[in-house]
Amino acid sequence: MDHLGRVLIAGTGPTAVQMAVLVGRLGRAVGIAGRESTRSEAFFTALAGSGGTLRIDVQNDKHRGLSGECRVEQQFRGYGTVAGEWDTLILTVTADAYVPVLQQLDRRVLQQLDRIVLVSPTFGSNALVCQYAKQHGAHPEVISFSSYLGDTRWPGGTPTRSALTAGVKRRIYAGSTIRRSDTLDRLRGLHEPVGVAVEVVDRPVEAETRNISLYVHPPLFMNEVTLNAVFVEPEPTKYVYKLFPEGPITPTLIRNMVAQWQELTAIVVRLGATGVNLLEFMLEDSYPVRPESISTSDVAAFERLSTTNQEYLVYVRYASLLIDPFSEPDRDGRYFDFSAIPIRPVFRNGAGEWDVPRMPKEDYYRTKIIQGVARNLGVACPTIDALLATYERELERAATARAGDQVSDAFVVQDFGEDLRMICAEISGAS
């Protein structure tokens with residue numbers, strides 16, 4: 001038995017294409033479903049034109065194990081149209097869309113599922129999906145990965161039936177609601193031959209908290225410099241990972257980053273899970289620096305150091321990555337400008353509305369969830385509170401400035417109360 005059975009992929013982005021090709025190697029039926037939108041329509045049209053075949057190409061030949069094609073047995077335009085019997089649902093949509101997708105599925109489809117796989121969850125996603133399923137008479141195994149396996153994109157920027165995987169992570173984490181999971185073993189067996197190590201952790205929440213974005217994105221994006229570049233003055237360009245004034249990184253931002261890590265660690269420990277060594281996690285699961293910049297002994301001792309020393313080392317880490325320290329210098333001695341990632345400003349989406357870029361829109365959702373869980377557990381999180389207050393203040397100003405224009409829901413201050421209620425109910429029931 002392959003422990004996946006008939007697989008339904010939810011989502012029509014590049015990640016969905018890569019996951020379909022990956023699981024399609026098991027030789028079982030693969031279906032794909034997406035919401036009705038201009039972009040998904042372009043995807044489904046291209047897929048139909050190819051006879052239902054998806055394709056993945058890779059940028060680096062060492063990742064060729066991920067390339068290939070997959071024949072899609074069934075296509076569903078709109079989640080409400082999904083029919084038939086499916087054993088596994090793989091959610092490749094963003095974490096804030098999990099419940100909206102599940103709500104649109106026919107209850108009979110949901111109740112037949114043996115397992116749900118969360119490819120890019122955030123803190124609390126597993127609890128959310130478990131609780132929603134229980135409320136609707138379903139009891140699937142729910143597996144959380146720490147993050148997607150790499151960087152996959154549309155080659156020309158437009159949805160089609162073929163995507164390009166440009167980068168691959170060395171390691172990701174995964175946890176299941178079943179302690180000894182044959183499905184998780186099978187998924188690990190699919191990832192590791194293509195160069196992605198999957199480390200299995202005891203609890204899904206431990207996998208969900210091993211995503212570096214949780215620790216660095218809120219302070220990097222919920223500050224006045226970044227938010228001004230997002231909502232008010234997109235020129236001159238500011239860069240996410242550069243020091244002030246080219247970007248937002250200051251000693252104060254680093255202080256907030258370390259404090260937020262400490263607060264999130266307290267929440268994770270309260271849930272009975274294990275936190276991470278922030279500096280080690282940054283260097284091993286994100287991008288390393290040279291030992292001349294940060295010694296291995298400093299990394300190993302990081303959690304035992306004073307807060308001031310922790311802040312110093314994190315600041316050194318970002319300063320050391322202004323350039324790629326492992327790139328080859330040119331004739332003028334200049335290294336690759338590694339930190340030149342521009343901050344994206346607001347934009348018009350496919351519906352003609354002003355919309356907020358994925359960063360910080362997704363970060364807002366996951367940080368609000370963390371805040372809500374912390375309050376439910378009675379864990380103080382003043383830094384997280386302050387970061388969210390900064391974001392919401394600038395969000396309200398931006399919405400006022402565009403009064404009369406069409407704007408998306410991303411311009412509305414939200415509490416994500418229903419998601420939080422389900423997450424906290426699941427946490428309480430499991431404790």
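With 55% relative accessibility, Arg-375 counts as exposed (exposed is over 50% relative accessible area, buried is under 20% and partly exposed lies in between, with a 1.4 Å probe and protein chains only). You're looking at a predicted model, where local features need pLDDT of at least 70 and side-chain atom pairs count only at pLDDT 80 or more, while totals for chains, interfaces and linings use all residues. Residues are numbered from 1 along each chain as its sequence is written, and side-chain values use heavy atoms, with hydrogens and water left out.

- Start with β1, residues 7–10 (helices, H or I with at least four residues, and strands, E with at least two, are DSSP runs numbered from the N terminus).
- Which residues of β1 are buried on each side? Val-7 and Ile-9 are buried on one side, and Leu-8 and Ala-10 are buried on the other, which leaves both faces covered.
- β1 runs parallel to strand β2 (residues 30–34), and 4 bridges join them (two strands pair if DSSP finds at least two bridges between them).
- To get from β1 to β2, the chain passes through helix α1 (residues 14–23), making a right-handed β-α-β crossover (right-handed means that, with the strands pointing away from you, the path from the first strand over the helix to the second runs clockwise).
- β1 also pairs with strand β6 (residues 88–91), again in the parallel sense and over 4 bridges.
- Ala-10 has a bridge partner in each neighbour: Ala-33 in β2 and Leu-91 in β6.

**Strand β9**

- What does β9 (residues 150–153) have on its covered face, and what on its uncovered one? Gly-150 and Thr-152 make up the covered face, whereas Asp-151 and Arg-153 sit on the uncovered one.
- Strand β10 (residues 162–168) runs antiparallel to β9, with 4 bridges joining the pair.
- On the β10 side, Gly-167 is the bridge partner of Asp-151.

**Helix α5**

- Among the buried ones are Ser-125, Asn-126, Cys-130 and Tyr-132.
- After α5 comes Gly-137, which has a positive phi near 75 degrees.

**Salt bridges**

- The whole structure has 25 salt bridges (each is a side-chain nitrogen of Lys or Arg within 4 Å of a carboxyl oxygen of Asp or Glu).
- Glu-224 and Arg-393 form one, at 4.0 Å from N to O. That pair ties together distant parts of the chain, 169 residues apart: Glu-224 belongs to helix α9 (residues 224–231) and Arg-393 to helix α15 (residues 382–401).
- Glu-224 is exposed, at 55% relative accessible area, while Arg-393 is partly exposed, at 31%.
- Arg-393 also meets Glu-394 in a salt bridge, 3.9 Å from N to O. Glu-394 itself is buried, with a relative accessible area of 11%.
- Asp-385 is partly exposed, at 28% relative accessible area.

**Cavity and pocket**

- There is 1 cavity of 30 Å³ or more (on a 1 Å grid over the protein atoms alone, a cavity is a set of points where a 1.4 Å probe fits but cannot get out; a pocket is an open set with protein on both sides within 12 Å along at least five of seven lines; lining residues have an atom within 4 Å of a point).
- The largest cavity has a volume of about 40 Å³ (grid points are joined across faces, edges and corners, and volume is the space filled by probe spheres set on them).
- Its lining includes Met-19, Phe-145, Tyr-148 and His-191.
- By class, that lining has 6 nonpolar, 2 polar and no charged residues (Ala, Val, Leu, Ile, Met, Phe, Trp, Tyr, Cys and Pro count as nonpolar, Asp, Glu, Lys and Arg as charged, and the others, including Gly, as polar).
- The second largest pocket has a volume of about 490 Å³. It is lined by 21 residues, and the closest to its centre are Ala-127, Arg-203, Pro-204, Val-205 and Ala-430.
- Which helix gives the largest share of this pocket's lining? α16 does, with 4 residues.
- α5, α7 (204–208) and α16 (417–430) each supply at least two residues of that lining.
- The lining of the second largest pocket has 11 nonpolar, 5 polar and 5 charged residues.
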